[in-house]
Amino acid sequence: MSNDASAAFLGLLEEMTVDDVRAFNPEVVVVPLGSTEPHGPHLPLGTDTYQVTQLCRIGVKEANERDARALLYPTLPITNNANARAFPFALRVGVRTLMSMIMDIATQCWEDGIKKVVFVNGHGGNFGALDAAMREISGKDNMPFACWTWNMIPDGFQDPIEHPSDHAGESETSKMMWIRPDLVRTDKLDDNPFGKLRVPSLNQTNFVRPWHLYVPISAGGETRTSSSDKGESLTKSQAKGLAQLLVELSQVPYSERFPYE
Ligand SMILES: [Zn+2]
């Protein structure tokens with residue numbers, strides 16, 4: 001077997017040499033944001049990081065096979081968990097720190113000649129910081145075009161999840177059953193409780209939910225209907241959406257009017 005770079009995953013920065021990266025001449029950078037936080041008695045704390053890393057690896061690989069030039073950065077494993085501090089080891093940096101990290105990464109991309117950056121978010125606690133950081137980046141000199149995504153499900157996708165949950169439910173359990181089945185405690189699958197609001201109209205507002213009150217055991221919803229097949233189908237469909245975005249971003253040259261005609 002030859003010992004050249006063609007054996008490596010083209011576009012995965014951690015596996016490339018500096019010469020590989022120069023020759024690859026990336027057009028778009030992809031930055032995954034994970035998290036390390038409790039995910040109930042059945043899933044590991046690294047769940048968000050494993051999921052978003054897998055999604056990005058598949059999406060970037062597919063995009064580059066379709067002639068995109070997308071470069072995948074390592075996943076950030078510690079992000080915002082201000083509302084989960086009542087649980088042990090909900091690893092976190094503050095909103096301002098996370099915004100600064102996002103903006104510093106965007107600055108570094110620009111300095112390395114990158115004009116388009118996609119942040120792929122794998123953790124619900126990061127929405128506000130990402131939105132605010134995009135505002136800070138936009139329209140500034142010496143900053144690339146930046147966007148962030150969460151779930152890029154292609155049109156027509158049939159969601160196999162029977163019991164939606166926003167934390168450590170059927171969807172996340174299914175994905176982990178596919179990605180790292182060795183880390184899922186299948187004997188601990190259950191229907192986990194959600195905290196009930198005493199002020200129902202708050203459902204129509206934005207407020208930061210204290211996680212220990214909303215998901216008292218750090219997981220919510222039915223997980224016994226989870227399966228590896230569901231996790232594979234969800235992850236691959238999201239990766240397809242991401243791949244399409246990366247192909248389009250790679251094809252359209254950067255200009256002062258980007259991304260408009
Ligand atoms: Zn999660």
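1. E37 counts as buried because it has 27 C-beta neighbours inside 10 Å. A residue is called buried here if 20 or more other C-beta atoms lie within 10 Å of its own, exposed if 12 or fewer, and partly exposed in between, with C-beta atoms placed from the backbone. E37 sits in the loop between β1 and α2 (47-65). Helices (H or I, at least four residues) and strands (E, at least two) are DSSP runs, numbered from the N terminus.

2. This is a predicted model, in which local features need pLDDT of at least 70 and side-chain atom pairs count only at pLDDT 80 or more, while totals for chains, interfaces and linings use all residues. Residues are numbered from 1 along each chain as its sequence is written.

3. Which residues does E37 touch, not counting those up to four places away in sequence? They are L45, N81, A84, A90 and L91. Contact means that the C-beta atoms of two residues, placed from the backbone, lie within 7 Å. As for S226, E37 is 189 residues away from S226 in sequence, and their C-alpha atoms are 20 Å apart in space.

4. H123 is another loop residue to look at, placed between β3 (116-121) and α4 (127-137). H123 is buried because 23 other C-beta atoms lie within 10 Å. Leaving aside neighbours within four places in sequence, the contacts of H123 are L33, G34, S35, D48 and T79.

5. Two residues have a backbone angle worth checking. N25 is not a glycine, yet its phi is positive, at about 50°. N25 belongs to the loop between α1 (18-24) and β1 (28-33). Is N25 buried or exposed? N25 counts as exposed because it has 9 C-beta neighbours inside 10 Å.

6. F89, a residue other than glycine, also has a positive phi, near 60°. The loop that holds F89 runs between β2 (70-72) and α3 (95-111). F89 is exposed because 11 other C-beta atoms lie within 10 Å.

7. Where in the chain is the cis peptide bond that joins F258 to P259? P259 lies in the segment after α7 (228-251). The omega of the bond from F258 to P259 is near 5°.
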